[in-house]
Amino acid sequence: MKLVEKLIQNRILSKEEFVELLANTDAEDREILRKEAVRLREKYYGHDVYIRGLIEFTNYCRNNCYYCGIRRDNRHLERYRLTKEEILSCCESGYRLGYRTFVLQGGEDPWFNDDRMEDIVRSIRTAYPDCAITLSVGERSRESYQRLKEAGADRYLLRHETANEAHYRKLHPEEMSLANRKECLYTLKELGYQVGAGFMGGGAGADI
Ligand code: SF4
């Protein structure tokens, strides 16, 4: 049996088999994998397309992740923040265009403290009760996540690049911690958020 077929049948391979597959994938393997991906997508999502209104409302960030274009030490970047009114105006345009999910995404910008974020989320919730509100604003305290949930946020995206400590250290400076990242994910889930973790392939040290 080909390794791709074994993967599809058992849904897992050994580490050695994955390495061999990744190193020697041929055109036939890729076609088998593509067809399986289409089959699974149709099984779970049909042919619908889900669209999200993504509002990148700040590119300030207090962190310094090595791979990130908006890390705090990047001095070659023009920084911006949207005002609450600008964010609400984005929602208004999005709603008119048919968007029913708004994603507020930004760096970990201290300007958007709990009071400001709560006010923005509550305003969107009040104006658009039929829309989902997703936040993607990084690591915050339990109290902060709770306040934002109570203000009306439904979902939270917190990318979880790796679960491997050595790999994590290749991507982040000492001041950040994998343990805290994971703790945030558990907290968000406990508080009732729908949590999206995502993951990143091909970053520095991905072969660890
Ligand atoms: S916390 Fe996010 S936005 Fe900030 S530097 Fe790291 S990856 Fe970039």
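Glutamate 118 is buried in this predicted model, with a relative accessible area of 17%. The cut-off for a buried residue is under 20%. Glutamate 118 pairs with arginine 147 in a salt bridge. The closest N and O atoms of the two are 2.5 Å apart. Arginine 147 counts as partly exposed, at 22% relative accessibility.

Side chains of opposite charge can pair when their charged atoms come close. A search of the whole structure gives 24 salt bridges. One of them joins aspartate 119 to lysine 84, at 3.2 Å from N to O. Aspartate 119 belongs to helix α5 (residues 114-127) and lysine 84 to helix α4 (residues 84-97), so this pair ties together parts that are 35 residues apart in sequence. Both ends are partly exposed. The relative accessible area is 38% for aspartate 119 and 26% for lysine 84.

Glutamate 139 and arginine 181 form a further salt bridge, with their closest N and O atoms 3.0 Å apart. This pair links distant parts of the chain, 42 residues apart. Glutamate 139 lies in the loop between β3 (132-136) and α6, and arginine 181 in helix α8 (residues 178-190). Both residues are buried. Elsewhere, salt bridges with shared partners join Lys2, Asp26, Glu28 and Asp29 into one network.

The surface also carries a nonpolar patch, formed by Ile12, Phe18 and Leu22. Together they have about 320 Å² of accessible area. Isoleucine 12 is placed in the loop between α1 (3-10) and α2 (15-24). Isoleucine 12 is exposed, at 52% relative accessible area.

Conventions. Residues are numbered from 1 along each chain as its sequence is written. This is a predicted model: local features need pLDDT of at least 70, side-chain atom pairs count only at pLDDT 80 or more; totals for chains, interfaces and linings use all residues. Side-chain values use heavy atoms; hydrogens and water are left out. Patches are made of residues with over 30% relative accessible area and no salt bridge: like charges are joined within 9 Å, nonpolar side chains (Val, Leu, Ile, Met, Phe, Trp, Tyr) within 5 Å. Accessible areas come from the Shrake-Rupley method with a 1.4 Å probe; for residues, only the protein chains shown count as cover. A salt bridge is a side-chain nitrogen of Lys or Arg within 4 Å of a carboxyl oxygen of Asp or Glu. Helices (H or I, at least four residues) and strands (E, at least two) are DSSP runs, numbered from the N terminus. Buried means under 20% relative accessible area, exposed over 50%, partly exposed in between (1.4 Å probe, protein chains only).
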